Amino acid sequence: MTKTSSLPPIHVIGGGLAGSEAAWQIAESGIPVILHEMRGVRGTDAHKTDGLAELVCSNSFRSDDATSNAVGVLHAEMRLAGSLIMRSADANQVPAGGALAVDREGFSAAVTAALEGHPLITITREEVTGLPPEDWDQAIIATGPLTAPSLAEAIQARTGADSLAFFDAIAPIVHTASIDMDICWFQSRYDKVGPGGTGKDYINCPMDEAQYNAFIDALVAGDTTGFKEWEGTPYFDGCLPIEVMAERGRETLRHGPMKPMGLTNAHNPSVKPYAVVQLRQDNALGTLYNMVGFQTKLKYGAQAEIFRLIPGLENAEFARLGGLHRNTYINSPTLLDGSLALKGRPGLRFAGQITGCEGYVESASIGLLAGRFAATERRGETPSLPPETTAFGALLGHITGGHIVSDDEPGKRSFQPMNVNFGLFPPLEPGTITKPEGMKRFRGKDKALAKKQATAARALEDCARWLGL
């Protein structure tokens, strides 16, 4: 590390995982950093300490398997990039099987000590109440899902009334390959061909009356999570949880998101479905589909069990499950460029959960990228984006433009936060996966595992090349 003393500092707002990682990456590149953190002056409803990178929920960073798990691949890529978050997590690991879990107090203390001890990092305990002033020509906003109201209002005023979501209404997202197309079929309602559509833009899962009634019974009886006291109860009719709709009457869903009108079962055209669950393409690659209208407060275990009652989804693999919770995030695909900079204001970047990623390591990884991009620009160079085949690139691609805009629901936000998963990665080249010698049948779980392993190996190889290792 060599200090580039002639260059002005880069400002980072927010000392969570993303902000801490961004500050570290900038400083390690030899450029001064001022890290602004309001805790110590003003607390939040969720944080308990003023330590940097405090973990407010779970202490798990999830799977550490870099051979066949997407989050494990992200762990490995962050380690390759010299991540402070991963270094601190590894140093404070506690037993958790194949997962990487940490002693939360030790982890935060390690991150705080490293940042406080770095000669190029100045930590300022203050609340930044508005957008960075223009003379902060390189700045990163990494304030997370609990962004202070004054800053959130400033962001919203600068980016537009519909640019900032304060509650995250999420429907489950399913890996396309796990949907049984011998039961389901492609069709838009009334074969409608919208802008960019074909008339076959949805995957449809049919139900007869008995299946529908069993599904309603399971929804109503399902175990749900409650809102935190400080969250309030943000239900509004355009975004009611699926189980709340079911409680309003047995026929509510059949006349709402599960209505069968305008649809004909391609496998059995003479029998009209009693109800239909529709899934809509969620990413440009077509590897993920979301369950239309299925935002929910059901606990994760209940979701997986109940939603697999839907014909065609018996073996569904979920890229993410649904939810409805407090989570301030911006509409990144329309607001940010490929290097996370706000369009119309070069040098101002966003990082972490406020960009629309989910999870500790996802948040930190976007901070890592934002820090590297800002440091590169401070040196007068153009940032090099990670290949889309890497976990870095796949997650960045989702945030900055990998979603699909819904043409048939004007005004509805289609971009939703997501954890890293293999559905965000581009498909492997044909012929990459071959049947192992001596194996008679190569399909199902064996083939799926081989695909994940090949995707992971490609990602790590391409990431090392991108980093110049």
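**Rings and a helix in a predicted model**

In this predicted model, ring pairs link Phe61, Phe107 and Tyr360 into a cluster.

Me: How many aromatic pairs are there by the ring rule?
Reply: The count comes to eight aromatic pairs.

Me: Why is the pair of Tyr212 and Tyr274 called edge-to-face?
Reply: Their ring centres are 5.6 Å apart, and the cut-off for a pair is 6.5 Å.

Me: What does the pair of Tyr212 and Tyr274 tie together?
Reply: Tyr212 belongs to helix α6 and Tyr274 to the loop between α7 and β12, so the pair joins parts 62 residues apart in sequence. Both tyrosines are buried.

Me: What makes the pair of Phe422 and Phe425 tilted?
Reply: The angle between the planes is 55°; stacked needs under 30 degrees and edge-to-face over 60, so this one falls among the rest, tilted. The centres are 5.4 Å apart.

Me: How do you know whether Phe422 is buried or exposed?
Reply: Its relative accessible area is 16%, and buried means under 20%, so Phe422 is buried. Phe425, at 2%, counts as buried as well.

Me: What puts the buried residues of α6 on the same side?
Reply: Tyr212, Phe215, Ile216, Ala218 and Leu219 are buried. They cover an arc of only 165° around the axis, which puts them on the same side of α6. The face turned away from that side carries the exposed residues Ala210 and Ala221.

Methods: Residues are numbered from 1 along each chain as its sequence is written. This is a predicted model: local features need pLDDT of at least 70, side-chain atom pairs count only at pLDDT 80 or more; totals for chains, interfaces and linings use all residues. Side-chain values use heavy atoms; hydrogens and water are left out. Buried means under 20% relative accessible area, exposed over 50%, partly exposed in between (1.4 Å probe, protein chains only). Helices (H or I, at least four residues) and strands (E, at least two) are DSSP runs, numbered from the N terminus. The arc is that of the directions from the helix axis to the C-beta atoms. Rings of Phe, Tyr and Trp (its six-membered ring) pair if their centres lie within 6.5 Å; planes under 30 degrees apart count as stacked, over 60 as edge-to-face and the rest as tilted.
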